[in-house]
Each structure stands twice: as C-alpha cells, then as structure tokens.
Amino acid sequence: MGLFGNKTAKSSGAHQWRGVIEEYRDRLPVSAKTPIVSLREGGTPLIYACYLSELLGNDVWIKFEGTNPTGSFKDRGMTMAISKAAEDGAKAVICASTGNTSASAAAYAVKAGMRPVVLIPNGKIAMGKLAQAIAHDSTILQVNGNFDDCLTLARDLATDYPVALVNSVNPYRIEGQKTGAFEVVDLLGDAPDLHVLPVGNAGNITAYWKGYREYNQDRISSKLPQMWGFQAAGSAPIVKNKTITNPETIATAIRIGNPASWAQAIEARDSSGGVIDSVTDREILAAYRLIAAKEGIFVEPSSAAGLAGLIKYKKAKKLPTGKKIVITVTGHGLKDVQWALEGAAKPKIVPVNAKAAAKALGL
Ligand SMILES: *Cc1c(COP(=O)(O)O)cnc(C)c1O
C-alpha cells in the first residue's frame, strides 16, 4: 500500500470500488514505487436511458461522470497525474482551468499533502467549481486573459519553477481518463457502436479512443466504436479548422479556442469513422433540461453537448437507428445551477392546508 493508500476498513463482506488505478493497475503506467493518491474515483454508473432510447431510435446508455468525487470525469486523470507528481517528489501542482480541472487538482493535491495553484480565466467560471477550488485550499490567480492564455502561463511556470503541471497536456491525465472506456466495455460486454461526448481541450475524446483501442487490441472487445464529439458553436476550432481567439459559449467547460489535444481528436474521429461537429448554446440548454427532466440525471450544460448533437443529427435524419450508443455526461449539474434556475417559475404559495395544496396541484 502506497503512502496515500486507502486503508481497508473491516466490514461484513461489503466492498467498495478501489479507484481507477487499483482497478486497472496492469493497464496504467504505475509501479510498486508509485504512491497512489486516490479518492476512489471512477466506477461511475452506466445508466440505460429509456426515454432517450425511444426518442432517438437507438439503445442509449448514459455514463454519468458527475458521480466522481469532485463531480466530473477530471478525477480519473487527476489520480494518475497527482500520483506520478508525488512519485517525482512534487511539493506543488499548477493547472489552468475553466473550473473542473482546478476542483479536481486541488482535491487530489491536498490529499497528497501538496500545494495546489490554480489559474482561472477572466470572468465566466461556474460558482460551484470556484467554491471547490477555494474549499480545497488552493492559491488562485485570476489571469487577465482566457483559458488558452492561462494554459500558456501554467506551462511557462512549470518549465521554469518547481511546480508540476497537471493539465491534460500531462500524458498521465489521458492514461487515467482512458479507464472510462474500459468501464463501458466491462459493463456492456463489448464496445458500443457509437460513443458520444463533448469536446473542449479534446483530452477526453483522445483518452476514450485510446482505451477502446487498447481493449480491442487485447481482444477484450470485438469492435471499436465511432467517436462522435461535439463542440459549442461559439468555440468550435476543430469544426472550423482554425483557432478561435475569443471563444464564446455558456458551456464554460468547453469554452476553448485552441485545444491541447487537437491532432489526437482528429485522429480519433478519422480512424473511428466518427464526427466532430458543433451545437448551439440553445441546443445545449434544451438537451441539458431534457436529460434532467426525463432521465433524472442532472448535468452541467457542457455535459449535455453530446446529447444535443445526437438530437441535432436525428432531426437532420443523419442518425443511424438500432445502434448501441453511449453518451458520456461529463460533470454534475450542481456545479453550475444558474441555468436550471434561469426562467424557472416561482413556486405557488399555499397555506398549511391539504385541500388548498391539492387544488394548487390539480389533484
Ligand atoms: C473538461 C470538461 C469537458 C471537456 O473535456 P476535454 O477533455 O477538455 O475535451 C467537458 N465537460 C466537462 C464537464 C468538463 O469538465
């Protein structure tokens, strides 16, 4: 057991998921010397979506990453990045973040006894995520620039000063995140036909594709899925094939104009026969409301980009039918509640009286 390993509690045969490194140790670049820093991330639910399956004419499964310890898939990569930083003796870690990376980096850094430093862009960061970075005791610098500027600054600092960079340009992040694909195959018994997800910095689409390919090479799955990624229309550099200087979208987690894993995302799209396309903020918000209202799954707006894309393709009659589709919904709705509250009707006021309440409810 590593320095930060979880003690095993004695119990009556109950057991809990051990975290992605312990569950997939033989497929990750760790050794007996690596101190495993884990909050027991991964092992997230894969939920059959009855309503969406009917709507889209396919078997639709939701991989709900909002149930990770800090509420997004970033924890899968962060357990790897921080464990390797600990192995290298790092005392401080730095990241540029639209929110979820900093929330995750901060939590794992303090778990490892390191100091977290977070660079956030001017404006537009969801309050829930900022609250997480603060709660986990990070030093926060607000940079006069956008996310892409923050990443440049973080890289410069990590090159010249004793801080470890834990953005997804850190290759260990991709390694950790590929476990999402392993879990899907382990639970479905094979790869799906389509895997759909939002694309921001493009680390996750890269990671899933890597995971699917590794399982396929080792014959754990019999096929590979098409990778379908969706960017927000106002920040769709891959779709437009040019960097976007001032990316705009309400989906702050994918508000990125120059993705770090751009080339890898193109590779995933092309060798899987998939697509990378864009959806408008309006389409994202409609999908965001639908998945909460009909499937009982509350995600943040960025996370709904994949579903928004499927609905768009269905409407354009470009969606196949009868396929098995997995949609990764990347982060929890509680991180960015503004969009759920916006435009919501005020609750009716009733006296403490069952008859009056029943009348108000139309019962
Ligand atoms: C980071 C993030 C994304 C984008 O993932 P990339 O790997 O940057 O493409 C999407 N949704 C949420 C909630 C995120 O935190």
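Is Arg213 buried, partly exposed or exposed? Hold that thought, and I'll come back to it with its partner.

Hello everyone, and thanks for coming. A word on the ground rules: this is a predicted model, where local features need pLDDT of at least 70, side-chain atom pairs count only at pLDDT 80 or more, and totals for chains, interfaces and linings use all residues. Residues are numbered from 1 along each chain as its sequence is written, and side-chain values use heavy atoms, with hydrogens and water left out.

Let's start with helix 3, residues 74-87. When I say helix or strand, I mean DSSP runs numbered from the N terminus: H or I with at least four residues for helices, E with at least two for strands. The expected span of a helix is 1.5 Å times one less than its number of residues. For the 14 residues of helix 3 that gives 20 Å, and the end C-alpha atoms are 20 Å apart, so the two agree. Helix 3 is also largely enclosed by the rest of the structure, because 13 of its 14 residues are buried. Here buried means under 20% relative accessible area, exposed means over 50%, and partly exposed is in between, with a 1.4 Å probe and protein chains only. Just after helix 3 comes Gly89, with a positive phi of about 80°.

By salt bridge I mean a side-chain nitrogen of Lys or Arg within 4 Å of a carboxyl oxygen of Asp or Glu. Glu87 and Lys84 are three residues apart in helix 3, which means about one helical turn separates them. Lys84 is buried at 11% relative accessible area, while Glu87 is partly exposed at 27%.

Now helix 4, residues 100-111. Its 12 residues should span 16 Å, and its end C-alpha atoms are 17 Å apart, which agrees. Helix 4 is mostly covered, with 10 of its 12 residues buried. What covers those buried residues? The cover includes helix 3, strand 3, strand 4, helix 5 and helix 7. After helix 4 we meet Gly113, where phi is positive, near 75°.

Setting aside neighbours within four places in sequence, His136 is in contact (heavy atoms within 4.5 Å) with Ala103, Ala106, Ala107, Val110 and Pro116. His136 has 26% relative accessibility, so it counts as partly exposed.

In that loop between helix 5 and strand 5 we also find Asp137. Most residues other than glycine have a negative phi. Asp137 has a positive one, near 65°, and it is exposed at 59% relative accessible area. Lys317 also has a positive phi, near 55°; it sits in the loop between helix 13 and strand 10 and counts as exposed at 77%.

For a contrast, look at Asn167, in the loop between strand 6 and helix 7. Asn167 is buried, with a relative accessible area of 2%. Its side chain reaches the backbone oxygen of Ala96 at 2.7 Å. Beyond residues up to four places away in sequence, Asn167 touches several residues, among them Cys95, Thr101, Phe147 and Arg173.

Back to charged pairs. Side chains of opposite charge can pair when their charged atoms come close. The count here comes to 16 salt bridges. Lys129 forms one with Glu300, the closest N and O atoms being 2.7 Å apart. That pair links distant parts of the chain, with Lys129 in helix 5 and Glu300 in the loop between helix 12 and helix 13, 171 residues apart. Both Lys129 and Glu300 are buried.

Then there is my opening residue: Arg213 meets Glu267 in a salt bridge, at 3.3 Å from N to O. Arg213 is in helix 9 and Glu267 in helix 11, 54 residues apart. And the reply to my question: Arg213 has 30% relative accessibility, so it counts as partly exposed. Glu267 is partly exposed too, at 36%. Elsewhere, Lys63, Glu65, Arg76 and Glu183 are linked in a network of salt bridges.

Last stop: Leu334, in the loop between strand 10 and helix 14. Leu334 counts as exposed, at 58% relative accessibility.

Conventions
Polar contact = N/O pair within 3.5 Å; in protein donor to acceptor, adjacent residues only side chain to side chain.
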